[in-house]
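Have your viewer ready and the sequence panel open. We will go from stop to stop, selecting a few residues each time and looking at what is there.

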Amino acid sequence: EYMVPAAYVWLEALPLTPNGKLDRKALPADTGLANDRIAVAPRNRHELQMTRIWQSLFNLDGLSIDDNFFELGGHSLLAVRLMAKIETDLGKRLSLAALFKAPTIEQLARLIEDESADEMWEPLVPLRITGSGPALFCVPGAGGQCHYLYHLAAALGSEHPVYAFQAKGMDGRTVPHASIGEMADCYVDLVLETQPEGPYYLAGHSLGGSVAFEMAKRLEASGREVGFVALLDAGMPSGVDASDAALTAQALRVLGHAYGREIVIEEEVLSGLAEEEQLHLIKPHLVELGLLREDAGLFMVRGLLNIFKSQFRMAYQPDGSRVEQVMFLQARERFDAAEQQVLDNALSQWKLLSIRPLACATVPGDHISMLNQENARAVAEVLQAWMMLEEPVSRSE
């Protein structure tokens, strides 16, 4: 069903680039048919309850049970509110990852009916499970939350299943991984459980790039084929030797920037507070960003911060072992020359770790915004093109 086109658009000719290839950017993006679609009304009690919840969240009437949460403009803060409303109104506690499995009213209602669908932390989240093409396994950057990778999964279209990892400790109870190697070991096991045979296509953003590279090393060392490991603006972490208070303050700055907010709580303020007082001070900021529910316990705040602190302390020094194909996607925008210098230094090292020539591409956005809804399409186009080529070539946007 997912392969049936939603609409057909007749063109006199397909637009071509100067070298004779299909110019996808010149294809009409809006058919004008979306507003003429027929809304499918709720068919049972749970679909009706879910529709009413969505109407209150999005302030929209005329919703269809096949409407997609993310395509309607849903974001992390709305997702937290949605899950809180589901628990309050329907008595069902679901994780945010449930939205990736069931992003429509119909699918969420079906999940509500499933008695086994209680909330649980999942280390591997299926962002998209359909598609006959090769799957892409993605490792997020510092903090280990995979939700921001949804736009990349959506932009890749229905051809490729997409899976993303969530860092250990996200449940607020388990102890986070202490090293890049530990993360790679854990994630390789999850990949093999999901896809026993290769080729494997891996991608890692920021710190996740080093994890993805280590995963590729382990897979190839075991005799398995890796199509490529794509490094998305990924430097090589050198590790930060700082106090817990300093790392907590840094984590809040990073989170604020990632979500377009400014969170400034100075190290001196945090170091003067007991841990529980710190968590009480920080929690409202995380709720505002949509990372936590208002009724979340302090152990959830502690878990998220512990992941950041653990990952900030991680250092990565390659042992010289190479993998078959490394790719590098670089964000065009930089905050300062120092940031670019760090990336240039890492790029010179990544080149030495690829048996085939390193393929590079430049995409719109900065280190964070390169994967937002507007720019993820450019990243997806590069990855799709590289998946189709035996000898990937460099390109720039």
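**Stop 1: a strand residue**

Start by selecting Val226, which is found in strand 5; strands here are DSSP runs of E with at least two residues, helices are runs of H or I with at least four residues, and both are numbered from the N terminus. Before going on, note that this is a predicted model, in which local features need pLDDT of at least 70 and side-chain atom pairs count only at pLDDT 80 or more, while totals for chains, interfaces and linings use all residues. Residues are numbered from 1 along each chain as its sequence is written, and side-chain values use heavy atoms, with hydrogens and water left out.

Val226 has a relative accessible area of 6% and is buried. Buried means under 20% relative accessible area, exposed means over 50%, and partly exposed lies in between (1.4 Å probe, protein chains only). Now show what surrounds Val226: leaving aside neighbours within four places in sequence, Val226 is in contact with Tyr200, Ala216, Leu219 and Glu220, where contact means heavy atoms within 4.5 Å.

**Stop 2**

Move along to Asp233, in the loop between strand 5 (226–232) and helix 8 (244–258). Phi of Asp233 is near 50°, a positive value in a residue other than glycine. Most residues other than glycine have a negative phi, and most peptide bonds are trans. Is Asp233 buried or exposed? Asp233 is buried, at a relative accessible area of 2%.

For another positive phi, select Asn59, where the value is near 55°. Asn59 sits in the loop between helix 1 (45–58) and helix 2 (76–90), and is exposed, with a relative accessible area of 69%.

Next, zoom in on Gly198 and Pro199, which are joined by a cis peptide bond with omega about 0°. Pro199 belongs to the loop between helix 6 (180–194) and strand 4 (200–205).

**Stop 3: helix 2 and its cover**

Colour helix 2. Its end C-alpha atoms are 20 Å apart, which agrees with the 21 Å that its 15 residues should span at 1.5 Å a residue; the expected span is 1.5 Å times one less than the number of residues. The buried residues of helix 2 are Ser76, Leu77, Leu78, Ala79, Val80, Leu82, Met83 and Ile86. What covers them includes helix 1, helix 3 (98–101), helix 4 (105–113) and helix 10.

In helix 10 (residues 275–289), pick out Gln278. Gln278 counts as buried at 15% relative accessibility, and touches Leu270 and Leu273, not counting residues up to four places away in sequence.

**Stop 4: the nonpolar cores**

Select Phe165, Tyr187, Val211, Met215, Val229, Leu286 and Trp350: of the 64 residues in the largest nonpolar core, these touch the most other members. A nonpolar core is a set of buried Ala, Val, Leu, Ile, Met, Phe, Trp, Tyr and Cys residues joined through side-chain atoms within 4.5 Å. Which residues does Met215 touch, not counting those up to four places away in sequence? They are Val139, Phe165, Ala184, Tyr187, Val188, Val191 and Leu202. A second, separate core has 57 residues, including Ile53, Ile65, Leu78 and Val162.

**Stop 5: strands 6 and 7**

Show strand 6 (residues 326–331) beside strand 7; the two run parallel, joined by 5 bridges (strands pair if DSSP finds at least two bridges between them). Gln330 stands opposite Thr362 in strand 7. On strand 7 (residues 359–363), Ala359, Ala361 and Val363 form a covered face, while Cys360 and Thr362 form an uncovered one.

**Stop 6: the cysteines**

Finish with the cysteine sulfurs. How many disulfides are there? The count is 0, with a disulfide taken as a pair of cysteine sulfur atoms within 2.5 Å. The sulfur of Cys146 is 9.6 Å from the closest cysteine sulfur, in Cys138, too far for a bond. Cys146 is buried, at 0% relative accessible area, whereas Cys186 is partly exposed, at 28%.
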